[in-house]
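Here are a few friendly notes to read alongside the model. Keep the picture open and find each part as you go.

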Amino acid sequence: MGRPYGLLRVGFPYLKTVGMRRVTNFPVDLAIGKDATLYVLCRSAGAAQISRLTLDDDDLGPISGYGTEDGKLQAPAAIVVDRDENLFVSDDALHRVTILGKDGTFLARWGEHGAGEGQLDRPSGLVFDAEGNLYVADTFNHRIQKFTSDGRFLAAWGRHGSGEGELSYPWGIAVDEVGDVYVADWRNHRVQQFTADGQLRRQIGRPGSGDGELNRPAGVAVDGDGDVYVADTGNDRVQLFNAEGRYVEKFVGDATLSRSGRDYMLANARPNRLRDMANLEPQKRFRGPKAVRVDDQGRMYVPDYGAYRIQIYQKEVVPLQPDQMVPPLRSPSLQTT
């Protein structure tokens, strides 16, 4: 199916929170597997693991761990799953991509440090295209590289700079249904949309903290409607743009206690007293989210890095046909009764 002509945006309500500090400590990214299994990539000083959760907040146990040997992670940056639910993890300290089975079994790794064709320097964002090839944000080389899933180099584009189409420490990366590539251009405070061969289509955002402005964006996702989601890390929020790059709305965090968080609190008297004394408003908010993911059910997942949890929202839209919308207006204003 192609994109709808237009959307009646009903709402985008907060759905739930999953995870807690003991399970999802400093989550930097997540991948969504079959049956909505969440593979949450966690990274902090001297620690790394992949936590596995269900949407009902059941803890399925961690896999991998901190280290340099095969199957271990030192500074993991991004995680994606393939059609067989194998996990691909970029490691910006080891300059490589590690491949694990969904149970944590080590399968393979590839990548070597350098600036040559196919070499990597602190890789971060990962995304598969429709053919199963893997785009990698080669962050310190200021470029995007494309590989087969087993690490054979296919193509590269991008160069360091702040001009149109240039990149400065690209981080998150996404691909839409027509093959366009969206790059969170971290130090340039923008997202750039490219064709599959690296031709610039548009820029989204500009530096700042206002609506539609970005501060060190680290993650980007795009859904089947063409909506673009940006983890606006430096502004502690996620912003939503439409397929033309127009700002739509922002999310600043609405967290409640997760099920696992409630269970922990009920077994510990001191945290209950501390929460009873606290101003709860700041406890809802995002703290430096570094990624955003969407699934085919319209759910948005935000790894809430500084709050050790995942906040989930549910998109509610109705697709519209051309006869259900007037042509674009020159001076629009929205009024509801």
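**Notes on the model**

1. Start with the open sheet: its four strands run in the order 7-8-9-10, with antiparallel pairing. Two strands count as paired if DSSP finds at least two bridges between them. At the edges lie strand 7 (76–81) and strand 10 (106–110), each pairing on one side only. From one strand to the next, the twist averages 20°, taking axes as lines fitted to C-alpha atoms and angles from 0 to 180 degrees between N-to-C directions.

2. A word on the source: this is a predicted model, where local features need pLDDT of at least 70 and side-chain atom pairs count only at pLDDT 80 or more, while totals for chains, interfaces and linings use all residues. Residues are numbered from 1 along each chain as its sequence is written, and side-chain values use heavy atoms, leaving out hydrogens and water.

3. Now look at strand 9 (residues 96–100), which pairs with strand 10 in the antiparallel sense over four bridges. Threonine 98 has arginine 109 in strand 10 as its bridge partner. Strands (E, at least two residues) and helices (H or I, at least four) are DSSP runs, numbered from the N terminus.

4. Which residues of helix 1 (residues 259–266) are buried? They are Ser260, Gly261 and Met265. Seen down the axis of helix 1, they fall within an arc of 135°, so they line one face of the helix; the arc is that of the directions from the helix axis to the C-beta atoms. These buried residues pack against helix 2 (269–277).

5. Finally, find glutamate 166 in the loop between strand 14 (153–157) and strand 15 (170–175). Glutamate 166 counts as buried because its relative accessibility is 16%; buried means under 20% relative accessible area, exposed over 50%, and partly exposed in between (1.4 Å probe, protein chains only). Leaving aside neighbours within four places in sequence, its contacts (heavy atoms within 4.5 Å) include Arg159, His160, Asp185 and Arg190.
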